[in-house]
Structures are given as structure tokens and as C-alpha cells.
Amino acid sequence: DGYAQGYAKGVDNGLIHELMHQLGIIDLYMVRITSGFNLVITPDGIPNGTDWFWGRPGIMGGGDIAPVWTSTPHAPGPIPEWVDWHSVMALNKNCGYKRGYYGEYMFDIPLYNYVLIKDAAGNPVPNATVKVYMMSGSYIPKDPVSVCTTDQYGKALLPNRPIGNKPLDWTITTATGHTQHANPFGLIGVAGLNAFLLLEVSRPGGDFDYRYIDITEFNRAYWMGNEFSWTYTWNSRLASSTTLQRITTLNGAVESTKVVLKWPAVPGAVSYRVYKAAAYRNNPNDPTHEYENWVYRPIASTTSLTYTDTALTEPSRYAVTARDSAGRESPLSNRLFAPLMINPWGVAIKSDNSRVILDPQNGYALMSQDGEGRYIANFGSVHYHLERSRFIAIDRGAGRLVISHPTSDYSDYHSVRVADLDANPLYEIGTVAGSAPGQFNNTAGVAVDIDGTIYAVDSGNSRVQIFSRGATYPLLMFGSAGSGPGQFNNPRGIAVDSNYKIYVCDYGNKRVQVFQFNGFEVQYLGVLPKTFSGPMGIAVAPDGKIYVTDYDAHKVESFTANWMWIRSYTTPTDIYTGALQYPTGIAVDNTGKLVVCDTGNRRVVSITPTASITTNAARLLPNNSTVLLEGVPVTAAFSGHFYIQTPGYLPGIRVVSNTSVTVGQKVDVYGVVKTVNGEREIQPTSCIAGEMAQQQPKPAGMNVRAIGGGAQGPVPGISGMVGLNNVGLLVKVAGRTSGRNQDAGIFFLNDGSPKSIKVYAPNITLPNDGSMVVIEGISGAESVGAGQISRVLRARSVRTLQ
């Protein structure tokens, strides 16, 4: 009744639409390809990734029952144009005949079809390669159906293809006079399927462009009297200058509705032109539809090497050209894809270091980035329905995506979905909400270990379920509701390291719990030494470092493999600027770089974390440099400080800390390096001692004369000395003692060198003067006033020979 009342005094456009079908008129919106099904690879080696759709309104077009609003000199308008020109012409071509069959008018194509290709300046392009791609089923395959070359006038004949498996000269004519013959499409799908071509034109040096041509253009040419032959003119973006270099490293920061482009300078260029391509369908700024369906349009000219577009309203691609003083342009740069980021939440890294981003509100929820963070394309299908998914992982061994699925707009399954790397579904773990083994209630974090075992956080049931690769029944489950060890309150992200340690973000309890899985049971190990505001995502680097996104604190927290807190990160270190806001998903790429979903800012950013270095590298850094050293053995321990040295015969460094350590124990240290009293030292903000080192530094045997050395960069030298600086090195020295002072813990050692050396030996019983001893200790230094630095030996052991 409501439907009838709504149209009682109006026009039932839907009814007219269906009656048009009875007259043989097709749905123009069926002439289409979605981006995830375009498999064409560009000469740059990245997916073309574009789609095509008849996006113009009209009763048979993309608007289905919406009109096109136009005006004419006789009717200033706007007035509704209910039926598009193609449908009108089709009706007129069948006028006077009894009803034929559906879409037969699409057979009306000229016998010979040419394309004239012009460059950016409007000049014909000779000797260019033209590849013709066409749909096969629901995909555009990566291989062209035909290849041709433009002649000296810039024209190329599009090769005709036979009708199915018929001979090339086979034809058929319908009762209404429409003849299907060999043509560039081959067998024409009269429902609008396979009704467009994707053309690629290219020249050497990375100069290429693309253009879709749909069947309605061929029909129009035929109906305008060009039944024998027709030429389609393509005003491409091929270069008008062959001297200016092509830009190949265009990069950009994509954030919400803003894109910041950056590129390098080109020799000889006086300015740069920025181009943008998008679906751009039925846009009021493009009334002739010149730029719809991914045609590059100029949006700016600049002399700068950067440009900011604040009008990102739909997924777009950008390119830049260099221009000389005559206005000639270089080839279009590498294309930069800019998705419209809505709610980026999950990220995972493939074996080749490329990235998969999960943005559940994006429609096409999955998108790909290269290893440098440049977006490549959306992929997968909108029908996979990941609207509420938040977490993603990759099974590298099997080449699979593992995605949380806490229901969607079209499914009430609480599950984990497993797909191939192109997002083709393989299987699903879980059905409707429940608490039985293999059932979930609000699926959260997912992780995959090196064996392909899947770990899934069952947040609503306060537990984690573990599944063998391919299985839908769990190996085991652990966890319960609460705040005690092994209990959870709204657990979120999860990660597993190479030793099968499981890290779970216990969001509601503001902690990260750690467990050990041995294949049969899970053992509770403890919590990371940090109180979080809201731990959300977690990742473990190949070297064992742990990174946690603290959602409510707007930070990324970092830890060593031994759980020592290192530092917080609040800003990205790539081309993006500004503080993090509600970070969620996190992954570590093959180079150790962090990839973070900065969800509050609607962007995905990178952070280059502080890298571990050797002790010798640390001592050579300028004062106040921040350093991280991991797993470095202790060579000597004293009250209030100790020395560490990377195994080998390069010097170590002093660490000022009251941390209880023993010689040979490995330590992690994070802090600031400085020069104090002639020695390089680290003043740590974090320090933790671990297990005993399997490889211990061996003392370097040397005579007294060699201890010390000259200056080396920021390392101060011993006054009056030259040669290699070894201050901080573990050494072994022999000689006779003198000047014994037990109260001060000091004596002197001489091995016949011109000068003796002061030996500090605290908490050691000093040998009598004249004793022959062997000392193991640290080559040290101390300030003696007036800017003078003297060498000393800091003994860890003294052995008397006689």
C-alpha cells in the first residue's frame, strides 16, 4: 500500500525501467568491471587496479531510475533526461519491427575500427605499442587479447576477433537487421557483459597510459553512419618531450581526505604538473564525462617539489610530469594510488615485504602497499564482507590471509576467515556465537606461527583458541574471565614469536600477558613490565623485539626480547607528520620497520625503531646520542657501574647503573651516551640483566705501554698518547706491583714500559709490592685536572705469580 500511495500521483520509474527490458533494452550498469577483478599489470610492474562502470544516471544507467539533469537552448532547465542517448538510439533502431531479442542492437559495430593516439600536446604518436585487454568471465586477465602498433600517423587498427569459435568471416543477422560480425570484442554479450576494452599504449622509457572504450562508443559510430570504418581519437597523457627525465619515485602521504605528494627535481624542468585520476562518475565538474573512469586530469602546476591535495573524496591515482620552458612534458611519473582511508585497523606483512591493510569501512576492505608504504590497489571483493573485522595476519608458509570476523552486515557468524593472498575465500573457523570449542563470541586478534598454527582471540569468551593449519576444531583453549594470571578482560591483539611465546593484549586489565606454548599445553610466563592505558595491537620483530600499540595513550611501546622496556613512540618517522591518534594494528616488516595503523588520523604510517648497536659503535657516537644495546656480556662489575663489550677485540663501554649483574651475564641497555672523566659511558633509562652469555669476550693481551691510545672521534684520548684508542676494552696485562694502598684499593703496575699504570682494584686483596701479577681488567681513563686525561687499569681479577 505504501508503495502504491507513493506513486499514485507520480511516475513509477522502476516500472518504466522494467518495461524497457521488455523492449530489449539492457541495463547499462551491467557494462562494468570492479577493481579487484582487473589483473592487468602496468609497465611499472604494479596492478592497473582500475574499474569501469556506467556511472551516469538515467533510467537504464548507473542511477537505474534516476534522471540525468540537463538543459538546452530551447529549455533552459534543468530538465530531467530520463533515458540516455544509447537507449534512445537502440529503441529507434528497432522502431517498426516486432520485438527482437535482448540487446541485439549492440551488434552494430563498424567493420574496421581504428584508434588515433595523440600525446599530451595533441601530436600523433607513431610507433607506439597498443595492447588490448578484455574481460574473460568476471576478470580482465593480465594478458592482452591482441597487440598492435601505431603507424607513422599515430593510428592503429584494433584487430577483429571471431565470433566465438566461428571462422573470422562468419556473420549472423537478426530479424531486426542487426548483424554480428568479427569485431574487437569477439562474441558480444548482449546483456552488457564483456562490453568494453582496456587499451594500454606505451613507449620505451616508462611512457604509458590507459583508456577504457566501451561498446556504446562503437555503436554510436555505427549509428552516425560509420558502418564501414571509424577512428576513435585518444588524447593520451604520453609525453610531449623526450628530453626531460621521467619521475619514477613519486611518493605520497595519504591521510583521511588529504594527500601530500613529493617527488625529486628533474634537470631542465621549470615547473611540474600534477595529475589526478579517479572514477569521477557523473561529476558536475565534468559534464561531458571526459575524465570519468580513471582518465588523468591536470589539477595543479607548481614549481615546488611537493603538492597537497585536500580534495580526496574517492579512491584516486596521482602522477606528476616535469615541464620545460616550452611547456613540453615528460612522461607521467610512477602512479601513486590514494585510497579513501576510513578506519584502517589491521596490517600484515607478506614474504616479499609488501603489506596488506585492513580498513573494514572501506567497502573494498583490503588494500595493498609496497614495502615503502606506497598504496598499490584495493583487492578482493566487497562481497567478502569484512565490515566489522579488525585484525589480520598472514600464514607465509601457505600463502594465506587470516582475518577476524566478529559478524558482518550480511552474516552473524563469529569466526576466523581464511583466504588466499588475493582474498579468495578458502575456509572459515566458527559459526554463530557460542562458547563450545571452535565457536567464538566477538573474534578479535589473530596470529600465525612459523608452522602455520592459528591463534585466535575469542574476546567475548575471555580466551584464546589454537588451531592447526586447515583445522576448524581447536588443539586447545586457554584463558577465562578475570584479572588474575592467565585471565582476561576484553583481550584484543595477539602475537607469537619464533619460540612459540604468545603475547596477548589484555585490554581491559591494561596489560600484556605472555605465555609459552609447547605444542600440548600453555604455560603462563608473566606480563610485560609496563602499565598500559589500553593495549590494542602487538607485533614481534624477527630479532625478538616486542611492539605494542597503546590505543588510549596514543603511543607505541617497545621492549627487547628479554622484556626490557625501551621507549615510547608517539610520532611516525616517515613522510607523515603529527602525533599518533588511537593506534591499532601493528606489524614489523622484513627490515625491522614498524607499520602502524594510526586509526584516529585515518592513515597507515611507518616508524623506524631504535636499532641495537655494538658497544664500539655506541662509544663512537656524539654526546647525548640515544643508544640501544641488547644481549651484551658484562666484562667487569663495580659499585654503581659495570662494563659491557660486544664479543671481539673492539672496546666496550661503561654503564652507570645499580642493576645487579655478574661478569658474563647478558644485559639490555637503553640510554644516553656521554663522556665523563675521560671515559665513554651510558646513562641508561632502562637496564635489565638476562642469562649468561654463551660467547664471552676474551681479554686482549697487551703491555702497559699500549693501554690507552689517542683520541678517536668523540672518544677522548689519553693526554700525550697516539695510536688506537682501547679505553673500555677487556685486557690482560702482566708486570710487577708497587705503591700498594689497600684502603684506597690502588696499586701501580710496571712491565718495563717507560711509565707504570695506576690500577684500581676495589674489593680485591692487593698483592705485596714487588709481586709479579697477571691482571684482567678494563683499559680505563680518568681526568687529572687542567684538561688532562690519564690512563688507568680497572681490575676485575689479580693473580699473583710470585
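1. The C-alpha centres of domain 3 and domain 4 lie 38 Å apart. Six residues from domain 3 and five residues from domain 4 take part in the contact. The model is a predicted one. In the domain assignment of the protein chain, domain 3 covers 251-338 and domain 4 covers 346-536, while domain 1 is given as 1-69 + 84-97 and domain 2 as 112-235.

2. Helix H3 spans residues 85-93, and His86, Ser87 and Ala90 are buried in it. These residues lie on the same side of H3, because the arc they cover around the axis is only 95 degrees. At the start of H3, Asp84 places a side-chain oxygen within 3.1 Å of the backbone nitrogen of His86.

3. His178 belongs to the loop between strand S9 (172-173) and strand S10 (179-180). Its relative accessible area is 3%, and His178 is therefore buried, the cut-off being under 20%. A polar contact of 3.0 Å links the side chain of His178 with the side chain of Asp108. Apart from neighbours within four places in sequence, the residues in contact with His178 include Lys93, Asn94, Glu104, Tyr105 and Phe107. Ile172 and Thr173 are also among them.

4. Strand S41 (residues 555-559) is largely enclosed by the rest of the structure, because four of its five residues are buried. S41 is joined to strand S40 (residues 546-550) by five bridges, and the two run antiparallel. Within this pair, Asp550 stands opposite Lys555 in S41. S40 and S41 form a hairpin with four residues between them, and His554 in the turn has a positive phi of about 60 degrees.

5. S41 also pairs with strand S42 (residues 565-569), through four bridges and in antiparallel fashion. Ser558 stands opposite Arg567 in S42. The hairpin formed by S41 and S42 has five residues between the strands, and Trp563 in its turn shows a positive phi of about 75 degrees.

6. Five strands form a closed barrel in the order S46-S47-S48-S50-S49, with mixed pairing. On average, neighbouring strands of this sheet are turned by 55 degrees against each other, direction ignored. Strand S48 (residues 653-656) and strand S50 (residues 679-692) run parallel and are joined by two bridges. Val655 has Ile682 in S50 as its bridge partner.

Terms used:
Residues numbered from 1 in each chain as written. Predicted model: local features only at pLDDT ≥ 70, side-chain atom pairs only at ≥ 80, totals over all residues. Heavy atoms only, no water. Buried < 20%, exposed > 50% of the residue type's maximum accessible area, 1.4 Å probe, protein only. Arc of directions from axis to C-beta. Polar contact = N/O pair within 3.5 Å; in protein donor to acceptor, adjacent residues only side chain to side chain. Contact = heavy atoms within 4.5 Å. Pairing = 2+ DSSP bridges. Axes fitted to C-alpha atoms, helices over the stretch in contact; angles between N-to-C directions. Domains from an automatic or database assignment.
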